[in-house]
Amino acid sequence: TGNTYTGTSSGSLNGSGTQINAGTLGMYGDGSLGVVPSGPYANIQFPGSATLQDTANDISLNVNRNITIATGATATFDTNGHALTINGVIGSPGAVNVVKAGSGNLTVGSSSGGLANNSTWTVQGGSYSSTTGLYDSVLALAAGNVLGNATGNLLNLNAGTLQFTAN
């Protein structure tokens, strides 16, 4: 059995998966999401629009924690001033919105592009880095330095679109 989080209580989490259906689920480390699956599994699910927040530390999610987002939903990853690394695949069956919020850095490390065509990434602050590229998706930037400031950073659009929304 899985866990459903609707903004009121995180309850007892296990390896069967955590559904973040509404509200904000704060985590203090990878273990906050329960037992790590033994193999790649859609362990974090966004059936509705909700937020997963890095509450207190720099966090690196286990590579077996894949993330799925329901068609039409918005999944927000709030770094809250910390470094959050997602090592598993972020996937969706249809077009979705993914928002990177907070002043910290979000790194997406999976080499598999899992979002459906016409999905949108929005970066509202801090920085975003990815080794995955964007596959037929949109990355909207709301601040000038959100792609990082290190020499040698690359942005691979793979038929995607880059939009600058900052003044």
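User: Is serine 92 buried or exposed?
Analyst: Serine 92 is buried in this predicted model. Its relative accessibility is 14%, and the cut-off for buried is under 20%, so serine 92 falls on the buried side.

User: Where is serine 92 found?
Analyst: In the loop between β10 (90–91) and β11 (97–101).

User: What does the side chain of serine 92 reach?
Analyst: The backbone oxygen of glycine 94, at 2.9 Å.

User: Different spot now. Where is the place of asparagine 64?
Analyst: Asparagine 64 sits in the loop between β6 (59–61) and β7 (65–69). The residue is buried, with a relative accessible area of 15%.

User: Which residues is asparagine 64 in contact with, leaving aside neighbours within four places in sequence?
Analyst: Val36, Pro37, Ser38, Gly39, Pro40 and Tyr41. With proline 37 there is a polar approach as well: a polar atom of the asparagine 64 side chain lies 3.1 Å from the backbone oxygen of proline 37.

User: How many salt bridges does a search of the whole structure find?
Analyst: One. The side chains of arginine 65 and aspartate 30 meet in it, at 2.8 Å from N to O. The bridge links distant parts of the chain, with the partners 35 residues apart. Arginine 65 is in strand β7, and aspartate 30 is in the loop between β3 (24–27) and β4.

User: Are arginine 65 and aspartate 30 buried or exposed?
Analyst: Both are buried. As a general point, side chains of opposite charge can pair when their charged atoms come close.

User: What about aromatic pairs, how many does the count come to?
Analyst: One aromatic pair. Phenylalanine 46 and phenylalanine 77 form it, 5.7 Å centre to centre and with 75 degrees between the planes. The pair is edge-to-face, because the cut-off for that label is over 60 degrees.

User: Where in the chain are phenylalanine 46 and phenylalanine 77?
Analyst: Phenylalanine 46 is in strand β4 (residues 41–46), while phenylalanine 77 is in strand β8 (residues 74–78). The two are 31 residues apart, so this pair, too, links distant parts of the chain.

User: What else is phenylalanine 46 in contact with?
Analyst: Leaving aside neighbours within four places in sequence, its contacts include Ile20, Leu52, Ile67, Ile69, Ala73 and Ala75.

User: How many residues has the largest nonpolar core?
Analyst: It has 23 residues. Phe46 and Phe77 are among those with the most contacts inside the core, along with Ile44, Leu52, Leu61, Ile67 and Ile69. Elements giving two or more residues to this core include β4, β5 (50–54), β7, β8 and β12 (105–108). In soluble globular proteins, nonpolar side chains tend to be buried together.

User: Last topic, the whole chain. How many helices and strands are there?
Analyst: Zero helices and 16 strands. The protein chain has 167 residues, and 43% of them count as buried.

User: What is its accessible surface?
Analyst: About 7,300 Å², of which 47% belongs to carbon and sulfur atoms.

User: And what share of the contacts with a separation of 6 or more comes from residues 24 or more positions apart?
Analyst: That share is 45%.

Conventions: Residues numbered from 1 in each chain as written. Predicted model: local features only at pLDDT ≥ 70, side-chain atom pairs only at ≥ 80, totals over all residues. Heavy atoms only, no water. Phe/Tyr/Trp six-rings, centres within 6.5 Å; stacked < 30°, edge-to-face > 60°. Helix = DSSP H or I, 4+ residues; strand = E, 2+ residues; numbered from the N terminus. Buried < 20%, exposed > 50% of the residue type's maximum accessible area, 1.4 Å probe, protein only. Polar contact = N/O pair within 3.5 Å; in protein donor to acceptor, adjacent residues only side chain to side chain. Contact = heavy atoms within 4.5 Å. Areas by Shrake-Rupley, 256 points an atom, 1.4 Å probe, with all protein chains shown as cover. Salt bridge = Lys/Arg side-chain N within 4 Å of Asp/Glu carboxyl O. Core = buried A, V, L, I, M, F, W, Y, C linked by side-chain atoms within 4.5 Å.
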